[in-house]
Amino acid sequence: MKTHSQPANPAVLARNDVSRTWKDRALIVLLLTGLCFVQGARAQTPESGAALSQPIIRYDAIHHPVRAQYGMVVSQNRLATEVGRDILARGGNAIDAAVGVAFALAVTLPRAGNLGGSGFLLAHLAETRETVALDYRSVAPLAASRAHYTGSDGDIDFDRLTFGPEAAGVPGTVAAMHLAWSEHGSLPWEDLLRPARDLARDGFELWPDLAFALNEARAVLSVHAPGSAYLKAGGTPWAAGDRLVQSDLAWSLEQLMAQGAEAFYGGELARRIARSFNDSGGILTLDDLASYEVKHREPVATTYRGKRVVTVPPVSAGGVTLLQMLNMLEHFPMPEYGPGSAQSLHLLAEVMKRAAANRRSLLGDPDFVEVRTDAYISKDLARHMAAEIDLAAVADVDTIEAEDLGRFESRDTTHFSIMDRYGNAVANTYTLGYSFGSGFVAEGTGILFDNQMRNFSFRDGDDHKNALAPGKRMLSTMTPAMVFDDEDRVWLVTGTPGGSRIINVVLQIIVNVVDHGLNAAVATHQPRIHQGWRNQKLGIERGMNPEVIRLLEARGHEIDLQQTMGSTQSILWQDGEFHGAPDPRRPHAAAMGLQKPPVRIDEPAAAAGSAQSSR
């Protein structure tokens, strides 16, 4: 009896049936040979290096990551990704590339990339096998107070907290990039900023999305005269193909190239910034700039199905909330449910709403309030919270309150991810808050400033952990993250913009890769959900399977079809290669890698101390 594992020999069949025509025999050969090819493909696909022996090449996945051997850069903007890729090609390390990308995004993605904003940088260093976290969140100016933003009617004036010079916190981006470079970079500082300076000075052609975004922000950018740097001359709308030249921003970048961070926090550039805020009615001063400090924080981590997940601690509320959700999910057989199934999405939603309740109430700036991080991410707390989840029914958000940690002691942002051939990696998320931040540009600098003052909690009283205080950092949901494999090597680097959706989006990327075994691109393309705390409705991206939606509704979920969620930029180390996955939810995102070794091979410098060839 013949089996599929032992196909018949076509030559024997042909001899036994001399009545068949040559066409019949040829057809049998093709069919049986094709059967052998298909069987071989089950064990080895073209994606994993199989010989190209199939008559028609087929693939396991619909979406494919960008693959490279010697490093990878993934960002929300193609021009910035090119800058980072070129720095790696010159022998720079991941930290060098991160500095170049961060400054390039300030030019090419002005809605989110920034000099006048803040964020969090997570870096893994190959030489020491150490992961470091830089907290460069904005802080409240020294003159800031609740009374300052209270109107004559006794209510908080959220317009002043959102638009114009009073909305800006003291920014940390420049200080953080210079500090990261001074501690771990290998190429000259000015070389890393030169591409951004050239893009600002010489200009670049607008693509449709950026032209649209600039036109949408016109009302905000035109309130104060220096915002005209982002308006088209003559008052006509921007169009794709127009050239955006930012001469003032180029001058600012030249100051930074020559003087480092000191230019922004104490030099002529700083004086221009402070003068512009003062002349426009803002409260940010030269003393505020001079006193800004980047914080070295201890990263937070948990284990999840044999992997170690590392992220940034408070004042980011995102990192510890992500870990808390993973700790809850670990009590359920998530891999058995399958990606995008009603059961998996129901469980994710129930986990999200419980974690959101804690995030809203228990976190703040650790330099000002007690933050019980160990209790927050404890496995015992997660076990207690997971036990309350009903896999068949929806919990009413009004019944969910923040946990008592005492029992368990022990909207426009952008993200980029970088891995280099030396084993270094960077996950960086930074923001202006809203698209184009506060809309305020300091005169003569071309620098847009954020509107992070609105991110303090004003409706909960002065005793809230996230209440406004001078010099205090406001809470953030930014969640740059890394996942390490069972040999403690960087395996996944990811992060996203998205305001309150950031944490849930990062969670879904990790679950898609770890639990469901999806490649980086497929994991990125999966439709996403978002469940908040006090909003009972479950947000779902368009494109979700209608049958799945009906099953969720049958469990009691109220469905709210929403626009896209997040813009993840991820790298997965898989099959001995870097797999980069830009998110198609934001146009012009790109992943680029090195297929050849860098031109400059200076191992001790490039490896952020000394080379550890772990890749």
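Is Ala263 buried or exposed, and what is its relative accessible area? Ala263 is buried, at a relative accessible area of 0%. The model described here is predicted.

**Ala263 and helix H11**

Ala263 belongs to helix H11, which covers residues 262-265. Leaving aside residues up to four places away in sequence, Ala263 touches Gln255, Leu256, Leu269 and Ala270. Ten residues along the chain from Ala263 is Leu253, and the C-alpha atoms of the two are separated by 9.5 Å.

**Helix pairs**

| Helix pair | Angle | Axis distance |
|---|---|---|
| H7 (residues 189-202) and H10 (residues 247-259) | about 170° | 8 Å apart |
| H4 (residues 94-108) and H10 | roughly 165° | within 11 Å |
| H14 (residues 317-329) and H16 (residues 342-362) | about 140° | 9 Å apart |

Helices H7 and H10 pack at an angle of about 170°. Because angles over 145 degrees count as roughly antiparallel, H7 is roughly antiparallel to H10. From H7 the contact takes in Trp189, Glu190, Leu193, Arg194, Ala196, Arg197, Ala200 and Arg201, and from H10 it takes in Ser247, Leu249, Ala250, Leu253, Glu254, Leu256 and Met257. By class, the residues of this contact are nine nonpolar, one polar and five charged.

Asp191 also lies in helix H7. Its relative accessible area is 26%, so Asp191 counts as partly exposed. Between Asp191 and Met257 there are 66 residues of sequence separation, and the C-alpha to C-alpha distance is 8.1 Å. Met257 is one of the H10 residues in the contact with H7.

Helix H10 also packs with H4. The axes of H4 and H10 come within 11 Å and cross at roughly 165°, and the two helices are therefore roughly antiparallel to each other. The crossing of H4 past H10 is right-handed. An α-helix has 3.6 residues a turn, so residues three or four places apart point the same way.

What is the angle between H14 and H16, and how far apart are their axes? These two helices pack at about 140°, with axes 9 Å apart. That angle makes H14 oblique to H16, because the roughly antiparallel class needs an angle over 145 degrees. H14 passes H16 in a right-handed crossing. The H14 residues in the contact are Ala317, Thr321, Gln324, Met325, Met328 and Leu329, and they meet Leu347, Leu348, Val351, Met352, Arg354, Ala355, Asn358 and Arg359 of H16. By class, there are nine nonpolar, three polar and two charged residues in the contact of H14 with H16.

**Helix H19**

Helix H19 covers residues 502-514. At 1.5 Å a residue its 13 residues should span 18 Å, and the end C-alpha atoms are 18 Å apart, which agrees. Of the 13 residues of H19, 13 are buried, so the helix is largely enclosed by the rest of the structure.

**Strands and loops**

Leu122 is placed in strand S3, residues 118-125. At a relative accessible area of 0%, Leu122 is buried. Leu122 and Ala133 are eleven residues apart in sequence, and their C-alpha atoms are 4.6 Å apart in space.

Which loop holds Arg305? Arg305 sits between strand S8 (300-304) and strand S9 (307-311). Although Arg305 is not a glycine, its phi is positive, at about 50°. Arg305 has a relative accessible area of 27%, so it counts as partly exposed.

Asp575 is in the loop between strand S19 (569-574) and strand S20 (577-582). Its phi is near 55°, a positive value in a residue other than glycine. The relative accessibility of Asp575 is 59%, and Asp575 therefore counts as exposed, the cut-off being over 50%.

How values were computed. Residues are numbered from 1 along each chain as its sequence is written. This is a predicted model: local features need pLDDT of at least 70, side-chain atom pairs count only at pLDDT 80 or more; totals for chains, interfaces and linings use all residues. Side-chain values use heavy atoms; hydrogens and water are left out. Axes are lines fitted to C-alpha atoms, for helices over the stretch in contact, and angles run from 0 to 180 degrees between N-to-C directions. Helices (H or I, at least four residues) and strands (E, at least two) are DSSP runs, numbered from the N terminus. Angles under 35 degrees count as roughly parallel, over 145 as roughly antiparallel, 65 to 115 as roughly perpendicular and the rest as oblique. Contact means heavy atoms within 4.5 Å. Ala, Val, Leu, Ile, Met, Phe, Trp, Tyr, Cys and Pro count as nonpolar, Asp, Glu, Lys and Arg as charged, and the others, Gly among them, as polar. The expected span of a helix is 1.5 Å times one less than its number of residues. Buried means under 20% relative accessible area, exposed over 50%, partly exposed in between (1.4 Å probe, protein chains only). A crossing is left-handed if the near helix is turned anticlockwise from the far one by less than a right angle, and right-handed if clockwise.
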